[in-house]
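The stops below say what to select and what to look for.

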Amino acid sequence: MIVMALDDRSARINHGSAVPLPVQVAADIETDIDAGKLAPDTRLPSEAELSAQYGVARVTIRRAIEQLRDRGKVVTVHGRGTFVAPVA
């Protein structure tokens, strides 16, 4: 199992934009998945860790992860975390 690094990503989010924050966070993570920077089966950090990493509230992260799950980009395993989905 690979774990996503906890680098500071707050500069990737534009708090003054008309684009909602969860959409921006989901797009940023999805870009890394599509570019191969996050391989299948990579565990994402916890909501609290991603919240600190992006400089946004946990509810923002929760909504972003929900969007990624709806698109089939990540899967959440109860008690284990959220992982990059296997390539179909």
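Two residues are said to be in contact, or to touch, when they have heavy atoms within 4.5 Å of each other. Keep that cut-off in mind at the stops below.

**Stop 1: the whole chain.** This is a predicted model. Colour the chain by pLDDT: the average is 92, and 92% of the residues score at least 70. Where is confidence lowest, and where is it highest? The lowest mean, 56, belongs to strand β1, residues 2–3. The highest, 98, belongs to helix α3, residues 58–70.

**Stop 2: two helices.** Select helix α1, residues 21–34, together with α3. Their axes lie 8 Å apart, and the two helices pack at an angle of about 55 degrees. Helix α1 is therefore oblique to α3. The crossing of α1 past α3 is right-handed.

**Stop 3: the contact between them.** Show side chains on both helices. On the α1 side, select L21, P22, V23, V25, A26, I29 and E30. On the α3 side, the residues they meet are T60, I61, R63, A64, Q67 and L68. By class, the residues of this contact are nine nonpolar, two polar and two charged.

**Stop 4: T60.** Pick T60 in helix α3. Is T60 buried or exposed? Its relative accessible area is 9%, and because buried means under 20%, T60 counts as buried. Leaving out residues up to four places away in sequence, T60 touches L21, P22 and V25.

**Stop 5: H15.** Move to the loop between β1 and α1, where H15 is found. With a relative accessible area of 52%, H15 is exposed, since the class begins over 50%. Once neighbours within four places in sequence are set aside, H15 is in contact with L21, G55 and V56. L21 is also a contact of T60. Now draw a distance from the C-alpha atom of H15 to that of A64: the two are separated by 15 Å, and the residues are 49 apart along the chain.

**Stop 6: D41.** Select D41 in the loop between α1 and β2, the strand at 42–43. What is the phi of D41 near? It is near 75 degrees, a positive value in a residue other than glycine. Most residues other than glycine have a negative phi. D41 has a relative accessibility of 47%, so D41 counts as partly exposed.

Definitions and conventions
Residues numbered from 1 in each chain as written. Predicted model: local features only at pLDDT ≥ 70, side-chain atom pairs only at ≥ 80, totals over all residues. Heavy atoms only, no water. pLDDT = per-residue confidence, 0-100. Helix = DSSP H or I, 4+ residues; strand = E, 2+ residues; numbered from the N terminus. Axes fitted to C-alpha atoms, helices over the stretch in contact; angles between N-to-C directions. Parallel < 35°, antiparallel > 145°, perpendicular 65-115°, else oblique. Left-handed = near helix turned anticlockwise from the far one by under 90°. Nonpolar A, V, L, I, M, F, W, Y, C, P; charged D, E, K, R; others polar. Buried < 20%, exposed > 50% of the residue type's maximum accessible area, 1.4 Å probe, protein only.
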